[in-house]
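Thanks for coming. I have one model to go through today, so let me put it on the screen.

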Amino acid sequence: MNKDSKISLKMIDAIVMDFDGVLTNNKVIVNEEGTESVVCSRSDGIAFDAMRKLGIKSFVISSERNRVVAKRSQKLSTNVIHGSNDKCKSIIEITKQNQIELSRTLFVGNDINDYHAMEMAGYRACPNDSHPFIKEIANIVTWKNGGDGVIREILEEHLGLDLLKLLYKQEA
């Protein structure tokens, strides 16, 4: 569902997102040694390639301090703030350090700890399985649940980006 079809890629300089529940399905696997693992969708990786090609900055803000957040963010070549106790402060820090207007930022969150940071952003999106309060303030609610390629869906389906043409155009 896209509540505001007026949003376009031209209006967005940065996409800031939560990790758990957006890039993951919000579940964690813990082994007997206490090591945590999560599942992420590889299809989101193509979305991050597209953002880099378009010059759209991407950032992950997570309240988790788990190394998996940093490792996945590194693999996606995106910036990360993990262990954030105040996502509002973190988004302000990101926008100031990178000279980005909050009004040109899309925040993708899923749970109530994202609520106030989402309100600060110019545009808001969330996975289909997000908390009702988050869905209420989102401009875009994806059809997919967290961890199922939410970022890619936002770019392709809601913002109209042709990833095939952008990333894999065949030269004649």
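Predicted model: local features only at pLDDT ≥ 70, side-chain atom pairs only at ≥ 80, totals over all residues.

Residues are numbered from 1 along each chain as its sequence is written, and side-chain values use heavy atoms, with hydrogens and water left out.

Start with strand 6, residues 105-108. Strands here are DSSP runs of E, at least two residues, and helices are runs of H or I, at least four, both numbered from the N terminus. T105 and F107 on one side of strand 6, and L106 and V108 on the other, are all buried, meaning under 20% relative accessible area; exposed is over 50% and partly exposed is in between, with a 1.4 Å probe and protein chains only.

Strand 6 runs parallel to strand 1, residues 14-17, with four bridges; pairing takes at least two DSSP bridges. L106 is the bridge partner of I15.

Now the salt bridges: a side-chain nitrogen of Lys or Arg within 4 Å of a carboxyl oxygen of Asp or Glu. The count is five. One of them joins D13 and R104 at 2.6 Å, N to O. D13 sits in the segment before strand 1 and R104 in the loop between helix 3 and strand 6, 91 residues apart.

Are D114 and K87, another pair, buried or exposed? Both are buried, and their closest N and O atoms are 2.6 Å apart.
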